[in-house]
Amino acid sequence: MSSDRARRARIVSTRFGTFGSLATASFVVAVVSGVLLAAPYDAGDAYNSLAALLLANPAGTFFRNLHYWAGQACLVLTLLHTWDHLRARTERRVAVGVWLRLVASVALITFIMLSGFLLRGDADAQQAYRILREATAQIPLVGPDLALLVFGATGALSVIYVQHAATATIVVWLFVIEHSRRVWPRPDSLLAMLAALVVVSLLASPGLHDGLDPIVKGPWYFLGLQEILHWTPWPNAVVAAMVAVLALLFTVRVVGTPRASIVKSLLVAVAIGYAGLCATGAFMRGENWAWGPTWPGATGNPRLGWVFASTPGAPTPLPSPLPTVMGRPDGCLVCHRGVTGLGNAHRPDAVGCASCHGGDALTLDKARAHAGMDVIPGNLATARLQCGQSACHAAIVPRVERSVMATMSGVVGVTRTVFADDGAAAGGAAPHVAELGHEGVDLHLRQACAMCHLGRKKTEVGPNGEDSFGGGCNACHLSYDPPARAALQAYAASKEAGRAEPPTAHPAIGLDIGNGQCFSCHSRSGRISTSYEGWHEMHEPPADASDPDRPRPSRYRVLADTRVFEQVVPDIHHQRGLDCIDCHTANETMGDGTAHASKSAQLRVGCEDCHARPGATLPAVAATQLDPESRRILALRDWPGVARDRHVRARSGEPLVNVVVDGTGRPQLIRKRTGERRPLKAMAAVCAEGGGHERLSCGSCHTAWAPRCPTCHTAFDRRIERYDWLAEAYVQGSWEEEAGPFFANPPTLGLRRGAAATGSKEAIDTFVPGMIMTLDRTFRAGEPPDVVFRRLYARIEPHTTRTEARSCKSCHNDPEALGYGRGQLRLERVSPGVARWTFVPAAPALPQDGLPADAWIPFLGTRTGRVSTRDDVRPFNVEEQRRILTVGACLTCHDERSPPMQRAVRDFKTVVAARRPACLLPSWK
Amino acid sequence: MHARTPQLSRRRAVRVALAALLTVPLPAAVVAMLHRLRESQSPTIVPVPPDVPLGLSVMAGLVIHRSERDGVRAFLGQCTHLGCRIERVVGDEVVCPCHGSRFRSDGSVAAGPAARALKPLALEPDRATGGWVARVL
């Protein structure tokens, strides 16, 4: 007996008592602080009562902290006390019945802790409540009744509050008294624990999870269970395992010493494994319990900071009642009160600040409130958690992520096609700019193109300008009105002066999307935005952009990136005041959810959706038949009188919010930003004449000009550095482009399959020299030279539409329109009634293929192999060229408005058959 | 020698009576109370607005799927694993934030730990709004 005693280890005893007495002291502190906390706490409105406590009641917050930390200490010390006695083999000192109740008290203390977590009423607590109630209800036989008894029937917290504060607490206290044979803890233990807990409670405040952070986690001691439950579809098995662990703990007392040692070893192994699972849950589980490193920083976790810290920015006294967001107290609006400019949908009392900007809305301590804040929300990397929250625009953000503005699929696909060996297929699956590699063509894209994609992060506050790129939702939906600009300037000035007074006017977030939002990206490549406004890029070296003595046309413009543009002919829609968004719909700009391979594949609207064919009417539907998103937009726009209109359904099937047919049957376009109505004209009669012109797209005739850049050379220079827009760093080596001259001429014509004007048939459409270039693909030092030549035309919608159509001659007698390039196309008489077309190119022939530098096809010839950046287009074949030029021969003598040519539009064969002897027809021999 | 007749003392009688009370009538009364409580629970009526978006969405404790072909279908937005509320759509699925179960647009399980499909709910037309209502118990 004595030798057995000698082998026993001693119970750990500090100067202030054993783990057990310290645990009892913590328990008493928790009980007393809980009684005090009952005054401000409201179980019927748990979250709001605690939020008000955190915001405006530092002393109350202190007692909440004390309650929280005393509970944590009690749990930890109880476990240490249990381990201590098992280690010292003192379990036999207590009677079996007492040991049984002590084992039960471990479960009860865990229940008190868990129920206390539920009483927070925040996002984590609500999910934990559902889990615990469901897990209890699933226990065989007694589960449903037990769940009702513990949690009540209504889901209110009042029942669990009683079980937490009274039932379980009283029972545990009775068990502790029975075990320790003391009603009160040792005074030195109580004082020591109280001192330690007061210090911690003054410095660390558990927060509340507001639900904005999508990560849902239980309390730290529950994370191991959460991890186990992630792996098992049988929660009852987990409950049984927990009961088994308690049974093992009980077994220690009733079996002999050798067996008890084995059981203890088993319990230690379980404890160590469980601790590892808790750590896994805390640090390796993120949103939706997905695997990955995660720092536990949600708003529900404790935040460091002096509880009684002064709040210099907050008004004194605090407003009463506190400002609320969606009925919840909100600290942001205490300091940022009266902020204007956000519009109705995003007004501060509706969405608050933290729902977009993050931070902690439940403190008035500026540093804590702003910790983790996102000053510029809406970037695509974070948009799902901000704009795309489930209560906001959850369905739209995933669409945007797949849209061509985010993927740049068309740019990436075309560029890769140009770099690939001739004949390699274009199109196919939609590539994504974020998946670009670091070499060859992908580096070219990174350096020359990747600044424009929507996923590029906006990093500086302020309005979007000519040199702003990306920004996710902000790229389009952020707009600064004069008060917002002034507020930003005032804020910058106050910050410089060391005061940093918060701005009182916020930029608008909404549907007021001006052309300037589109300009920065769409003034490049196809130059749609600049062409739309009538600006044609002049080929000037950047160094000359700021030279005031350089000879310039009378109207020119220098962009922020030093490119110089001269004013030519603007698009008629621009002249009439239409914005980009007046034609382009939400599905076109934000995507329809499909990852399209090119921009044109994402487009839904064409000219004929507004301009009816002669004698036809536009198909229209009542507003009640619009899709939900269109109806929501319509409600937000709130245009006067629109309730009486019917909405035109585009040929793609998409209803158009702002193209309507009024009560008298007149089609009208409503300018989205202003609500101003514009009558819509039908097509001219000639557009539907047929007789050979039925394949013409509207743009073929009504495009005034297109930006043409016939030749360039691209090569990789390893000696110099260039910025990589995806890596956001300079990298060694640069893809350099040397562009040839720029022209603003009418586009070349060719054919496209599946054009909107003709359904699935081929339509005549507009083209420009997209890539006529020498491309030095040599990338690595020491590689053999790899220079290839490309002669590719690109389809384009230049956005230079005019009411007046181009002349007949500008197609039938123009070598550039036919694809031969600039030059002189002449009809020479060969014999009576017979002539021959000749062409003298203006541009020199290129050595690579002998064709003029700006040609698409040889004069009256054709080409094999790849001829375009796309697979669904082609130039005119020889037969088509001959037919066009045959009409062109007539136009050399007859004015296009003359009776014979007017008749020829409808029936050319009859007119030719009735020609006079002096008429010349071209010979093709 | 007389055989001793076992006598039931008063104290023992009280104990037996109390034990009988604790083992049968009192638990029976508790069960009856809880049974009545369960019976008295009434369903919550959850409105589904007419402009519910196409595809999957979650709202007010429901998972909604709307398609051109099948119209609007509703499921209880409660994970069948342990009852967590489903609040997020990820791609073509809804996902439980607590343990990561995923469900397809027809309610079936795409990934565990949940083993059962989401509970489908009947939708009744709501003439007042043009939408629907679902009854959730």
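**Figure 1. A residue pair between strands 1 and 11 of chain B.** B:T44 faces B:V136, which lies in strand 11 of chain B. The model shown here is predicted. Strand 1 of chain B and strand 11 (residues 131-136) of chain B are antiparallel partners, and 5 bridges link them.

**Figure 2. The open sheet of chain B.** Three strands form this open sheet: it has 3 strands in the order 1-11-10 (chain B). Their pairing is antiparallel. Strand 1 (44-48) and strand 10 (123-126) of chain B are the edge strands. Each of these edge strands pairs on one side only. From one strand to the next, the twist averages 35°.

**Figure 3. Chain B as a whole.** Chain B holds 2 helices and 11 strands. Read from the N terminus, the order is α-α-β-β-β-β-β-β-β-β-β-β-β. Chain B is more spread out than a compact globule, because its radius of gyration is 26 Å, well over the 14 Å that the globule rule gives for 137 residues. The C-alpha trace of chain B spans about 95 × 35 × 20 Å along its principal axes. Of its 137 residues, 28% count as buried. Now take the contacts in chain B with a separation of 6 or more: 43% of them come from residues 24 or more positions apart.

**Figure 4. Where chain B meets chain A.** Here 28 residues of chain B are in contact with 29 residues of chain A. Which elements of chain B give two or more residues to the side that touches chain A? They are helix 2 (25-39), strand 2 (55-59) and strand 5 (88-90) of chain B. Helix 2 of chain B gives the largest share, 4 residues. By class, this side of chain B has 15 nonpolar, 8 polar and 5 charged residues.

**Figure 5. The largest nonpolar core.** This core has 188 residues. Which residues have the most contacts inside it? They are A:C74, A:L118 and B:L62. Take A:C74 and leave aside its neighbours within four places in sequence. A:C74 is then in contact with A:A23, A:S26, A:F27, A:A30 and A:I109. As a general rule, nonpolar side chains tend to be buried together in soluble globular proteins.

**Figure 6. Strands 12, 13 and 14 of chain A.** Strand 12 (residues 620-622) of chain A runs antiparallel to strand 13 (residues 646-649) of chain A, and 3 bridges join them. A:V621 is opposite A:H647 in strand 13 of chain A. Strand 13 of chain A also pairs with strand 14 (residues 655-661) of chain A, again in the antiparallel sense over 3 bridges. There, A:R649 stands opposite A:P655 in strand 14 of chain A.

**Figure 7. The turn of a hairpin in chain A.** Strand 13 of chain A and strand 14 of chain A form a hairpin with 5 residues between the strands.

**Figure 8. Chain A as a whole.** Chain A has 36 helices and 27 strands. Its radius of gyration is 38 Å, whereas a compact globule of 925 residues would have one near 29 Å. The C-alpha trace of chain A spans about 135 × 65 × 65 Å along its principal axes. Buried residues make up 40% of the 925 residues. Among contacts in chain A with a separation of 6 or more, 68% come from residues 24 or more positions apart.

Conventions:
Residues are numbered from 1 along each chain as its sequence is written. Chains are lettered from A and ligands numbered from 1 in the order in which they are written. This is a predicted model: local features need pLDDT of at least 70, side-chain atom pairs count only at pLDDT 80 or more; totals for chains, interfaces and linings use all residues. The radius of gyration is taken over C-alpha atoms; the globule rule is 2.2 Å times the number of residues to the power 0.38. A residue is buried if 20 or more other C-beta atoms lie within 10 Å of its own, exposed if 12 or fewer, and partly exposed in between; C-beta atoms are placed from the backbone. Two residues are in contact if their C-beta atoms, placed from the backbone, lie within 7 Å. Ala, Val, Leu, Ile, Met, Phe, Trp, Tyr, Cys and Pro count as nonpolar, Asp, Glu, Lys and Arg as charged, and the others, Gly among them, as polar. A nonpolar core is a set of buried Ala, Val, Leu, Ile, Met, Phe, Trp, Tyr and Cys residues joined through C-beta atoms within 7 Å. Two strands pair if DSSP finds at least two bridges between them. Axes are lines fitted to C-alpha atoms, for helices over the stretch in contact, and angles run from 0 to 180 degrees between N-to-C directions.
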